[in-house]
Amino acid sequence: MYQTYSLASAAADQQQHKTTVQSSSRSRRGPIISQYISSSDGKVNAPTDKSVDEIVSDLKQLKRSDFVALWLGCEAPSTITDVDGDWNGVLLDNSGLTSVSNILTDVLFGWRHGKWNGKAFDASIEGGTNRFFPKSGDGEIEREHKFDCKIDTSLVHPNTKSLNLLYADHQSRLSLWHTMRDEIRVLRLSGNKGSVLLGLGCMKWSGAYWRGGMMNSSPFCLW
């Protein structure tokens, strides 16, 4: 779920989130993101008339700047228990370089398996693992690449928190994935529809060591 392109446009968002969401980014917003971020107060509210599948479809169509604005407007889960269990996942094609991300995630990250399929969280151990389709196309979802998770300060959006997924303790120091980090926030849905998780993931070696590589992160969502 990782690729090598810049999040430079998000730097201003990290320092002046409210200003960016409410004013300077307003003119750049597409019609989809306007359904999620209020033009009056900049708050994030998922459309009440859309199903989870429809919301995921919207996320797939967002411009990168719109996804980042939405991510910045969301919050970390209250506890890790809130995300406990298995989540389907998809890489988001909003940068024009998703083919690079697909190679890293599906060919290298999941070389023993099929395509990346999401994540599973286990609150009891404050950790989890990635999910993959089986290479054969049939059978049960396969799991590899464990991570630790904790709700802690965000590197993307300083002075706020994200659910941080850290891989270092489960990879050798020579592994491509040793410096991998994901930051996840929650898009809360109305009624009993649950939540969709918005993620940004990176490795330090991907080209942006500033803030642990998170300024070069790739978007994904879980549901």
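This is a predicted model: local features need pLDDT of at least 70, side-chain atom pairs count only at pLDDT 80 or more; totals for chains, interfaces and linings use all residues.
Reader: What share of the contacts in the protein chain join residues at least 24 apart?

Author: Taking contacts between residues at least 6 apart in sequence, 57% join residues at least 24 apart. A contact here needs heavy atoms within 4.5 Å.

Reader: And how many of the 223 residues are buried, as a percentage?

Author: Buried residues come to 52% of the 223; the cut-off is under 20% relative accessible area. The protein chain exposes about 10300 Å², with carbon and sulfur atoms supplying 50% of that.

Reader: Let's turn to helix α3. Which of its residues are buried?

Author: In α3, residues 52–61, the buried ones are Ile-55, Val-56, Asp-58 and Leu-59.

Reader: Why is it said that the buried residues of α3 line one face of the helix?

Author: Looking down the axis of α3, you find its buried residues within an arc of 155°, so they line one face. As a general point, an α-helix has 3.6 residues a turn, so residues three or four places apart point the same way.

Reader: What does the face turned away from the buried side of α3 carry?

Author: That face carries the exposed residues Asp-53 and Gln-61. The buried residues of α3, in turn, pack against α4 (64–73), β1 (85–91), β6, β7 (195–202) and β8 (218–222).

Reader: Why is Glu-75 called exposed?

Author: The cut-off for exposed is over 50% relative accessible area. Glu-75 has 58% relative accessibility, so Glu-75 counts as exposed. You will find Glu-75 in the loop between α4 and β1.

Reader: Which residues is Glu-75 in contact with, leaving aside neighbours within four places in sequence?

Author: Those are Arg-185 and Val-186. Glu-75 and Val-186 are 111 residues apart along the chain, while their C-alpha atoms are separated by 5.8 Å.

Reader: Which residues line the second largest pocket?

Author: Glu-75 and Val-186 are both in the lining, together with Val-44, Asn-45, Ala-46, Gly-73, Cys-74, Leu-187, Arg-188 and Ser-190. About 160 Å³ of space lies in this pocket.

Reader: What makes strand β6 stand out in that lining?

Author: Strand β6, residues 181–188, gives the most to the lining of the second largest pocket, with three residues.

Reader: How do the lining residues divide into nonpolar, polar and charged?

Author: Five are nonpolar, three polar and two charged. Gly counts as polar in this scheme and Cys as nonpolar, which is handy when you check Gly-73 and Cys-74 in the lining.

Definitions and conventions: Residues are numbered from 1 along each chain as its sequence is written. Side-chain values use heavy atoms; hydrogens and water are left out. On a 1 Å grid over the protein atoms alone, a cavity is a set of points where a 1.4 Å probe fits but cannot get out, and a pocket is an open set with protein on both sides within 12 Å along at least five of seven lines; lining residues have an atom within 4 Å of a point. Grid points are joined across faces, edges and corners, and a volume is the space filled by probe spheres set on the points. Helices (H or I, at least four residues) and strands (E, at least two) are DSSP runs, numbered from the N terminus. Buried means under 20% relative accessible area, exposed over 50%, partly exposed in between (1.4 Å probe, protein chains only). Accessible areas come from the Shrake-Rupley method with a 1.4 Å probe; for residues, only the protein chains shown count as cover. The arc is that of the directions from the helix axis to the C-beta atoms.
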